[in-house]
Amino acid sequence: ATRLLRFLQAERPGALVCTQAFPCGMFADAKARGDIAVPLIAVVTDYAVHAYWVYDQVDLYVVPSEEARAQLLSCGVPASKVLVLGIPISPRFRDKEDPTRIKPEYGLSTELPLVLLMGGGHGLGPIEKIVDELDRLDTPFEIVAVTGTNANLKRALDKKQKYLRKTLHAYGYLSDVAPLMSVADVLVSKPGGLTISEAMASTLPMVLIDPLPGQEARNTEFLLRENVSVLAEDAGGVARQVKAWLLDGRLLEGMRERIGQLRRPDSAALISEEIWKRAGAASLAV
């Protein structure tokens, strides 16, 4: 903390923005001691807010939902300090891509539905088991699995490809998943805050798997209450839900319509504007 404060005093930023609770608490303490005096902005990147975010010294909270705003107000945060602007994501997720252009770039058929599997940046979750269950379905579709940094999973899926009836495309870490989300019909994923925000911006129906206790579990509760996703208990449950959606387009369309009411594709731009408003006048205390 001491080294970081020296860095801040040298750089003299106009504002501090925290997208994680622990640095927010550290800077709040520094403000309370008088070591820094610039606006402190907390950008909450999950759909629920826990107590580690709450400090009197935070000048602005940006949250993704009215429910998260209510949670902060119940902890005593003034309403004037809380804005509902969404979770900041790339504007790349705003617009739908043309599947006839994007799918051939990934070697995908333009005629078949696409099921996208993701396990976050580390490729967590029962992705291999889900591939096996999906492959047993008679419903025609293709599968893309993004394994992140999980090299073992990537190798296992590469070996599995030649034994599958379905076409499977396995990718490691991708810096830009917006094109795939844009042309996919269903996303199967863990419910991390950024991933589900990107999926909603893409109006992409989600089957959620293996939420971790804490924030992922709370993200899941929010999405289920809003009826914009489903939670599968296991790989077989994933396959059953995918089949139901692909066989009845009305179910998918209804899910897309509900997602469209919650999507916030311009969140990053709106949050940036609010940061900019607050960054100009203040300076670090010497």
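In the predicted model, helix H1 (residues 2-11) and helix H2 (residues 21-33) approach each other, their axes coming within 12 Å and crossing at roughly 70°. H1 is therefore roughly perpendicular to H2. The crossing of H1 past H2 is right-handed. On the H1 side, the contact involves Leu4, Leu5 and Leu8. On the H2 side, Met26, Phe27, Ala30 and Arg33 take part. By class, the residues of this contact comprise 6 nonpolar, no polar and 1 charged.

An open sheet of 4 strands runs in the order S1-S2-S3-S4, with parallel pairing. Strand S1 (16-18) and strand S4 (82-84) are the edges. Each has a single partner strand, so one side of each lacks a neighbour in the sheet. From one strand to the next, the twist averages 20°. S1 and strand S2 (residues 40-43) run parallel and are joined by 3 bridges. Within this pair, leucine 16 lies opposite leucine 40 of S2. H2, the partner of H1 in the helix crossing, also packs on this sheet, where S1 and S2 are touched. The direction of H2 makes about 160° with that of S2.

A further open sheet holds 6 strands in the order S7-S6-S5-S8-S9-S10, and its pairing is parallel. Its edges are strand S7 (168-171) and strand S10 (229-231), each of which pairs on one side only. Neighbouring strands here are turned by 20° against each other on average, direction ignored. Strand S6 (residues 142-146) runs parallel to S7, and 4 bridges join the two. Isoleucine 143 has leucine 168 in S7 as its bridge partner.

Overall, the secondary structure of the protein amounts to 12 helices and 10 strands. Along the principal axes, the C-alpha trace spans about 65 × 35 × 35 Å. The radius of gyration is 21 Å. For 286 residues, a compact globule would have a value near 19 Å, so the two agree.

Key:
Residues numbered from 1 in each chain as written. Predicted model: local features only at pLDDT ≥ 70, side-chain atom pairs only at ≥ 80, totals over all residues. Heavy atoms only, no water. Axes fitted to C-alpha atoms, helices over the stretch in contact; angles between N-to-C directions. Parallel < 35°, antiparallel > 145°, perpendicular 65-115°, else oblique. Left-handed = near helix turned anticlockwise from the far one by under 90°. Contact = heavy atoms within 4.5 Å. Nonpolar A, V, L, I, M, F, W, Y, C, P; charged D, E, K, R; others polar. Pairing = 2+ DSSP bridges. Rg over C-alpha atoms; globule rule 2.2 N^0.38 Å.
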